[in-house]
Amino acid sequence: MIHIMLAGAILITRPLPAKGYVGCRELTDLISRHDVTFANLEVTVHRREGYPSAFPGGTWAMADPVCLKDIKRFGFNVLNTANNHAMDYSHNGLLATHRYLKEQELLFTGTGENLADATAPAFVECAEGRVAVIGATSSFHDSDAAGHQRPDMQGRPSVNPLRHRSVYEVTEEHFHHLEKIAQDTGVNDYHNQAIKEGYLLPGHHFNFGPLEFIKGKSNLLHTVPLEKDLARIITSVTEARKQSDGVMVSIHSHQFAKGDKQYPAEFIRIFAKACIDAGASIIAGHGPHMLRGIEVYKRGVIFYSLGN
């Protein structure tokens, strides 16, 4: 049997005391009893090798590489690095983080030197089997998605992205109000002109600026994973399942539903179940910095948020 321990976000910014804090020994003993010990590393790790990004993930999160020794001392052996702070110090900061993680022999997943590398699993070798861990994030700046590599061009280092599409369902009354406002304000003029000139294809939904609306019976937000991102990650899950005894998918997401952080966004629930359908056993969610519910689906378990 393979024993797996999951933790939420680690946002460490300074070294721990040499003897640790009160309770550290008990926590270290608990972690060390497991074969796969996972957490989300929500900080870049370097000695200012990177340039501060114009679009950080809320703040510029950075830790000295010595902090990785403390993470390893606690017993963690695989970390997710795909989150909204991964690119706080741009590409150099990310690549430096990779270098220091490798120096400490800490496995990581979710970021890479190109899109294929970022989507690839980390494999944890255990006494009784092998576990693959795949990391992704839905919370990042648009410019932070990793890019494909070509024979004649290197790829773009960054995160494994899970983007999504949002469609707002509104009642007929609200829909007509939006049409009238759009007509009076010209909010869609650029979009309509692009369609007229052939730069965009007309869609099935009504656009109000960058937002999409459909006419319905209720006022609701519908979200679905971007098809190409979902397909790419599902392919990684399928391939990892062939090469391991179990697959875990880590997803970092700040998005929520029903106006309440305790509820995962619709597209995250769709994504999690699709990963289990493809062969994953565990979905480890994190991002909202709070505990969320756990769902048993078929032969898998979905932790919608592991907290901190």
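A cavity here is a set of points, on a 1 Å grid over the protein atoms alone, where a 1.4 Å probe fits but cannot get out. Grid points are joined across faces, edges and corners, and a volume is the space filled by probe spheres set on the points.

Before you click: this is a predicted model, where local features need pLDDT of at least 70 and side-chain atom pairs count only at pLDDT 80 or more, while totals for chains, interfaces and linings use all residues. Residues are numbered from 1 along each chain as its sequence is written, and side-chain values use heavy atoms, with hydrogens and water left out.

Searching the whole structure turns up 2 cavities of 30 Å³ or more.

**Stop one.** Select Leu-41, Val-43, Thr-44, Thr-81, Asn-83, His-85, Ala-86, Leu-94, Thr-97, His-98 and Thr-111: they line the largest cavity (lining residues have an atom within 4 Å of a point). Its volume is about 70 Å³. Now colour helix α3, residues 90-103, the top contributor to this lining with 3 residues (helices are DSSP runs of H or I, at least four residues; strands are runs of E, at least two). By class, you'll see 4 nonpolar, 7 polar and no charged residues (Ala, Val, Leu, Ile, Met, Phe, Trp, Tyr, Cys and Pro count as nonpolar, Asp, Glu, Lys and Arg as charged, and the others, Gly among them, as polar).

**Stop two.** Hop over to the second largest cavity, with a volume of about 50 Å³. Its lining includes Ile-251, Ser-253, Arg-292 and Tyr-304. Show α8 (266-277), β18 (282-286) and β20 (300-303), each of which supplies at least two lining residues; β18 gives the most, with 3. This lining has 7 nonpolar, 3 polar and 1 charged residues.

Terms used: 1 Å grid on protein atoms, 1.4 Å probe; cavity = no way out; pocket = protein on both sides within 12 Å on 5 of 7 lines; lining within 4 Å.
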